Amino acid sequence: MLAQFEAFYVTIKQNRWYWLFSLFCRISLAFAFLVAGWVKIIGERFASGLAVQHPMGAYLEALHHTGYYYTFIGVAQIVAAILLLIPRTVTLGALLYFPIIVNIWLLSYAVRFEGSYVTSPLMVLACLFLLVWNYDRVRYLLPLNHFSDLGIVQKPEKYSWKFPYLFAGFVLLTLVATVAFAEFGHEVMPRNSLKDCKKQFVDAPNQEAGYQFCECIHTVGNPLDACLENYKKAVSP
């Protein structure tokens, strides 16, 4: 199976469309961390418009007050972004980027934060693609019993322009599925403001319970799990 994968890997490394997609991933991921990292380095709170009563707002407010740790996260993001932009250090950049973005993704899902509920899982997948794209270098970190003579795959003299329809379809399907889950994956979402939170319950059978849920999050400032538990009790028959 590994031999078959490596044969396929050599094929995609010679395809211009895959290379363009890797370039898009590098630039977009780097841009996101350059912006987010710079905010932390200059000492501003990330997503400053989010109220501290919101679960994500409370987390970001506490993180903002951690002093040089907050700055350290920003520096790590900037370094990862710069490494992604330099062709010779892409692999190192992706390895540094990956644990940071996975943490952001899990945090976004844990508190249902709309600000990165769609982007963070897509960024995780984009970083994973870069790691696979640089398999010829990453493989030496894998617990393999032996390594083939694949070596470092060199840039081809001429790229193939055969369009990867299956891969493009998978990317599109993943994008649609991620957006659909963000929109319909949960019965209730805290949203980013009290007004937006209440909009999802207007004229709904559970409107009163929904309004109480929103007040629990945005006015009282209770944890998300506690507000969800109260909501479930209010709507249960």
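This is a predicted model: local features need pLDDT of at least 70, side-chain atom pairs count only at pLDDT 80 or more; totals for chains, interfaces and linings use all residues.
H2 passes H6 in a left-handed crossing.

**Overall picture**

- Reading along the sequence, you get the pattern α-α-α-α-α-α-α-α-α-α-α.
- The C-alpha trace spans about 65 × 45 × 35 Å along its principal axes.
- The chain has 237 residues, and 38% of them count as buried.
- Take the contacts between residues at least 6 apart in sequence: 64% of these join residues at least 24 apart.

**H2 against H6**

- The axes of helix H2 (residues 16–41) and helix H6 (residues 119–133) come within 10 Å and cross at roughly 130 degrees.
- The two helices are therefore oblique to each other.
- On the H2 side, the contact is made by Tyr18, Trp19, Phe21, Ser22, Cys25, Arg26, Leu29, Ala32 and Phe33. H6 brings Met123, Ala126, Cys127, Phe129, Leu130 and Trp133 to it.
- Sorted by class, this H2 and H6 contact has 13 nonpolar residues, one polar and one charged.

**H5 against H6**

- H6 also pairs with H5: their axes come within 8 Å and cross at roughly 160 degrees.
- That angle is over 145 degrees, so H5 counts as roughly antiparallel to H6.
- H5 passes H6 in a left-handed crossing.
- From H5, the residues that meet H6 are Ala94, Leu95, Tyr97, Phe98, Ile101, Val102, Ile104, Trp105, Ser108 and Tyr109. Their partners in H6 are Ser120, Pro121, Met123, Val124, Cys127, Leu128, Leu130 and Leu131.
- The H5 and H6 contact divides into 16 nonpolar residues, two polar and no charged.

**The nonpolar cores**

- The largest nonpolar core holds 28 residues, and the ones touching the most other members are Leu29, Phe33, Leu84, Tyr97 and Leu130.
- Two or more residues of this core come from each of helix H1 (2–13), H2, helix H4 (68–85), helix H5 (90–111), H6 and helix H7 (135–138).
- H6 gives the largest share of this core, with eight residues.
- Phe33 is worth a click: setting aside neighbours within four places in sequence, Phe33 is in contact with Trp38, Gln77, Ile78, Ala80, Ala81, Tyr97, Ile100, Ile101, Ile104 and Met123.
- There's also a second, separate core of twelve residues, with Ala209, Cys214, Leu224 and Leu228 among them.
- As background, nonpolar side chains tend to be buried together in soluble globular proteins.

**Val10, off in H1**

- Val10 lies in helix H1. Its relative accessible area is 27%, so Val10 is partly exposed.
- Val10 and Leu29 are 19 residues apart in sequence, and their C-alpha atoms are 24 Å apart in space.

**Two arginines with positive phi**

- Arg112 sits in the loop between H5 and H6. Its phi is near 55 degrees, a positive value in a residue other than glycine.
- With a relative accessible area of 14%, which is under 20%, Arg112 is buried.
- Arg191 is found in the loop between helix H8 (165–184) and helix H9 (194–199). Arg191 isn't a glycine, but has a positive phi of about 55 degrees.
- Arg191 is buried too, because its relative accessible area is 17%.

Definitions and conventions: Residues are numbered from 1 along each chain as its sequence is written. Side-chain values use heavy atoms; hydrogens and water are left out. Axes are lines fitted to C-alpha atoms, for helices over the stretch in contact, and angles run from 0 to 180 degrees between N-to-C directions. Helices (H or I, at least four residues) and strands (E, at least two) are DSSP runs, numbered from the N terminus. Angles under 35 degrees count as roughly parallel, over 145 as roughly antiparallel, 65 to 115 as roughly perpendicular and the rest as oblique. A crossing is left-handed if the near helix is turned anticlockwise from the far one by less than a right angle, and right-handed if clockwise. Contact means heavy atoms within 4.5 Å. Ala, Val, Leu, Ile, Met, Phe, Trp, Tyr, Cys and Pro count as nonpolar, Asp, Glu, Lys and Arg as charged, and the others, Gly among them, as polar. A nonpolar core is a set of buried Ala, Val, Leu, Ile, Met, Phe, Trp, Tyr and Cys residues joined through side-chain atoms within 4.5 Å. Buried means under 20% relative accessible area, exposed over 50%, partly exposed in between (1.4 Å probe, protein chains only).
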